Amino acid sequence: MPMDYNDKKQIDKNYRFLQSLKYAINGGKIAFIEERNFRYHCVLGIFAVIVSIYFKISLGEWLWITFAIFQVLMMEMLNTIAENLVDMYTLRNYHPLGKKVKDMGATVVLLSSIFAMVVAAYIFIPKVWPIIQKIIS
Ligand SMILES: Nc1ncnc2c1ncn2[C@@H]1O[C@H](COP(=O)(O)OP(=O)(O)OP(=O)(O)O)[C@@H](O)[C@H]1O
């Protein structure tokens, strides 16, 4: 299992903020290294930020785009957590509930991606459409 087991094997509470932050960053690193979809969504998020800067979107539009990007990453992370819990519990053997959990986790990511695409369409189609019209006329 590709995972960092070099860390000291702590199972008690984190009492310092910096310690909690270190583990939170580590979780993100693991998701980025091990989960292809998480990496895709990071790249798409960066692309959305670049396009937003290019079109000089308004503050309100920035709030929607930021929300759309972060909710996709959070749902992707929750899906990964559910997948890992199923694998840990089933030891990668078939279980009907494991199938339910994994398939529903995938649905959560799909719904959050659709939401992000709708937000992007609302914001960018009116900005891109005049450019396309200019090109074809
Ligand atoms: N332990 C299990 N028991 C039953 N069905 C499983 C189990 N593990 C996986 N499956 C089924 O196989 C599908 C693919 O499993 P997998 O763990 O590769 O999920 P995935 O969503 O493709 O993962 P990733 O997001 O990492 O690509 C699941 O959606 C589920 O239908």
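Mentor: Let us start with a term: helices are DSSP runs of H or I with at least four residues, strands are DSSP runs of E with at least two, and both are numbered from the N terminus. Please keep in mind throughout that this is a predicted model.

Trainee: With that definition, how many helices and strands does the protein chain have, and in which pattern do they follow the sequence?

Mentor: The protein chain has zero strands, and its secondary structure comes to four helices. Read along the sequence, the pattern is therefore written with helices alone, since a strand needs a run of at least two E residues. That pattern is α-α-α-α.

Trainee: Is the protein chain more spread out or more compact than the globule rule gives for 137 residues?

Mentor: Along its principal axes, the C-alpha trace spans about 65 × 40 × 25 Å. The globule rule gives 14 Å for 137 residues, whereas the radius of gyration is 19 Å, which is well over that, so compared with a compact globule the protein chain is more spread out.

Trainee: Which positions does UniProt list under "binding site", and why do they not all gather at one spot?

Mentor: The unreviewed UniProt entry places this feature at Tyr-23, Glu-35, Glu-83, Lys-102 and Asp-103. These positions span 81 residues in sequence, and they do not all gather at one spot because the farthest two of their C-alpha atoms are apart by 27.7 Å.

Trainee: Is Glu-83 buried, partly exposed or exposed?

Mentor: Glu-83 sits in helix α3, which covers residues 59–90, and, leaving aside neighbours within four places in sequence, Glu-83 is in contact with Glu-35 and Lys-102. Buried would require a relative accessible area under 20%, and exposed one over 50%. With a relative accessibility of 23%, Glu-83 counts as partly exposed.

Trainee: Which residue has a side chain joined to that of Asp-103 by a polar contact?

Mentor: Asp-103 lies in helix α4, residues 96–136, and is partly exposed at a relative accessible area of 39%. The polar contact between the side chains is 2.8 Å, and the partner of Asp-103 is Lys-99.

Trainee: How much of the area that the ligand exposes when taken alone does the protein bury?

Mentor: Residues surrounding the ligand include Glu-83, His-95 and Lys-102. An oxygen atom of the ligand lies 3.0 Å from a polar side-chain atom of Glu-83, and an oxygen atom of the ligand is 2.6 Å from a side-chain N or O atom of Lys-102. Of the 620 Å² that the ligand exposes when taken alone, the protein buries 63%.

Technical notes:
Residues are numbered from 1 along each chain as its sequence is written. This is a predicted model: local features need pLDDT of at least 70, side-chain atom pairs count only at pLDDT 80 or more; totals for chains, interfaces and linings use all residues. Side-chain values use heavy atoms; hydrogens and water are left out. UniProt positions are given in the numbering used here, feature names are shortened, and annotations may be inferred rather than shown by experiment. Buried means under 20% relative accessible area, exposed over 50%, partly exposed in between (1.4 Å probe, protein chains only). Contact means heavy atoms within 4.5 Å. A polar contact is a pair of N or O atoms within 3.5 Å; within protein, one must be able to donate a hydrogen and the other to accept it, and residues adjacent in sequence count only if both atoms are side-chain atoms. The radius of gyration is taken over C-alpha atoms; the globule rule is 2.2 Å times the number of residues to the power 0.38. A residue is near a molecule or strand if one of its heavy atoms lies within 4 Å of it. Accessible areas come from the Shrake-Rupley method with a 1.4 Å probe; for residues, only the protein chains shown count as cover.
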